[in-house]
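Please open the structure in your viewer and keep the selection tool at hand. The tour goes from stop to stop, and each stop says what to select and what is there.

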Amino acid sequence: MKSTSSLSLIAGTVALAAVTGFAVLTAPGDGETAKAATAARLPVERSTLLCPAPGLSELSETTYTSFTPAGDGAGEAGTAELTPTATSELTDDKDDKSDKKDEKGKEKDDKEAGAGKPVVSLKEPGKPAVAEESGADTPALVGTATGRLAPGWSAQQTTMVEAGEGRGLLGVSCTVPDTDFWFPAVSTAKSRQDYVHLTNPDDTAAVADIELYGPEGSLKSEVGEGITVPARSSVPVLISTLTSEAVDDVTAHVTTRTGRLGAAVRAADDKTGSDWLAASTTPTGTLVMPGIPEDATSVHLVAFAPGDDDADLKVKLLGKTGAITPAGNDGLHVKSQMTASLDLKDLTKGEPGSLLLAPEKGGKGTPVVAALRVVRGSGDKQEVGYIPATAPVGARATVADNRSEGSVLSLTAPGADATVKVTASAGSGGGEKVIKKYTVKGSTTLGVVPPVPSGLKGGYALTVETESGGPVHAARTLTITQGGIKMFTVQTLPDDGGTVEVPEAVQDLSVLRD
């Protein structure tokens with residue numbers, strides 16, 4: 001007879017995996033229970049997200065959108081709230097060390113009076129919640145979703161700065177805490193002001209290291225190690241203060257010694273404005289960067305090989321009708337632990353596309369990370385955005401902040417043909433969801449104006465689900481024209497991690513007795 005202790009162990013393991021996303025089953029006794037355990041997927045019961053402080057401009061207007069897709073969660077209704085961090089230390093002077101406070105910090109109290117009071121609270125799956133904040137003092141947010149609001153919970157912050165320092169449309173999907181982040185395409189050049197924002201969701205301090213790599217290898221730094229991020233706090237670090245070397249193309253590597261963090265880079269350029277750069281996907285031999293706008297006037301690729309081997313990569317543009325090799329830029333050699341770049345100019349030439357990096361000789365190849373710096377417009381009408389390499393949509397992915405107009409959804413199938421289902425959620429203020437299916441041909445990018453909820457009021461979320469075929473990579477471009485400038489931001493859509501693999505016990509309960 002199977003023991004009740006074995007059944008209790010399995011039940012506890014399943015619960016642990018559903019809450020944390022990770023569990024290992026070790027069965028006692030003769031091993032029968034372990035043999036009976038098979039893989040299953042269950043909705044997660046708890047999710048954590050971190051949103052960086054929006055910026056330094058008094059002119060900034062930030063919209064937060066929180067959303068959970070309908071249908072996955074079970075049990076209690078749960079909660080999903082984003083609340084301000086208790087403190088926010090800023091580094092706005094290039095001569096400051098990374099642990100100095102913003103001169104305004106003592107005067108503004110860093111909005112500590114509002115710490116713990118939710119900025120945005122989600123009430124139900126399938127309908128987004130929206131909140132707005134303004135000014136330079138808007139803090140970073142941390143949040144947790146539980147119950148039916150946890151599976152696939154996503155949030156986005158979108159900030160408009162119409163003029164002045166850091167102008168632009170800055171968008172970023174709030175991140176899951178982790179211990180390792182790669183940021184190709186940052187810079188320590190004099191024309192750039194790039195901050196890496198480190199946000200700690202936990203009740204104990206985290207300690208982080210930031211390593212920088214240029215075209216010649218590691219950049220010397222004496223202040224990039226041992227950066228303390230206090231409990232439930234956010235620390236922006238000006239990257240150029242970490243080294244004396246001014247380098248155009250840099251890769252930043254953020255790791256933690258203790259604790260976990262959310263990390264994102266706010267990149268600002270004197271001529272082209274600013275936007276957020278999210279972390280590249282985990283180093284791998286083949287990378288996809290979806291969603292290059294059709295009217296891009298400059299596309300700049302930055303790649304890095306973190307291991308001991310060099311990488312030789314094929315460069316392909318996946319366009320409307322198939323894959324093409326950019327003229328004069330058919331390949332890229334990336335030396336081990338050195339940053340490489342490629343100027344692809346106006347690569348898309350009137351059609352939306354995605355960039356594919358693949359091993360020159362096939363196979364798995366050498367793991368790399370990569371990102372694109374994309375510019376639209378010319379002269380004093382230029383605007384910048386960033387597209388990091390991203391994982392596939394997988395089972396499901398969501399981008400939370402969409403408007404009645406201005407969105408373009410890019411769907412890319414680097415291998416076989418694929419079919420996806422796209423759901424436009426109900427609006428935050430009203431409207432009914434709309435569902436549409438798309439077929440994406442292999443080695444192409446399909447750029448579409450996504451569906452809009454019928455009777456839309458407010459903002460809405462877009463959810464993409466893979467129904468059949470090969471992997472699909474996706475990105476959403478949001479464009480808002482201000483003063484004749486097409487301000488834009490691009491968010492990629494990797495799998496939302498709404499389910500987790502857990503052991504499933506196969507038991508013959510008929511043998512159990514009172």
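Predicted model: local features only at pLDDT ≥ 70, side-chain atom pairs only at ≥ 80, totals over all residues.

Residues are numbered from 1 along each chain as its sequence is written, and side-chain values use heavy atoms, with hydrogens and water left out.

**Stop 1: the sheet with E3**

Select strands E7, E3, E9 and E10, which form an open sheet of four strands in that order, with antiparallel pairing. Strands (E) are DSSP runs of at least two residues, numbered from the N terminus, and two strands pair if DSSP finds at least two bridges between them. At the edges are E7 (129-134) and E10 (168-173), each pairing on one side only. From one strand to the next, the twist averages 15°; the axes behind such angles are lines fitted to C-alpha atoms, and angles run from 0 to 180 degrees between N-to-C directions.

Now keep E3 (residues 61-67) and E7, an antiparallel pair with six bridges. Which residue of E7 stands opposite Glu 61? That residue is Ser 134.

What holds such strands together? Strands of a sheet pair through backbone hydrogen bonds, either parallel or antiparallel.

**Stop 2: the sheet with E21**

Next select E25, E21, E27 and E28, an open sheet of four strands in that order, again with antiparallel pairing. Strand E25 (339-345) and strand E28 (383-388) each have a single partner strand, so one side of each has no neighbour in the sheet. Neighbouring strands here are turned by 20° against each other on average, direction ignored.

Inside this sheet, E21 (residues 296-304) and E27 (residues 369-376) run antiparallel and are joined by eight bridges.

**Stop 3: Thr 272**

Select Thr 272, in the loop between strand E18 (262-269) and strand E19 (273-277). Is Thr 272 buried or exposed? Thr 272 is buried, because its relative accessible area is 4% (buried is under 20%, exposed over 50%, partly exposed in between, with a 1.4 Å probe and protein chains only). Leaving aside neighbours within four places in sequence, its contacts (heavy atoms within 4.5 Å) include Arg 167, Arg 373 and Glu 383.

**Stop 4: Gly 447**

Finally, select Gly 447 in strand E34 (residues 444-448). Gly 447 is partly exposed, at 34% relative accessibility. Beyond neighbours within four places in sequence, Gly 447 is in contact with Pro 352, Leu 409 and Ser 410.
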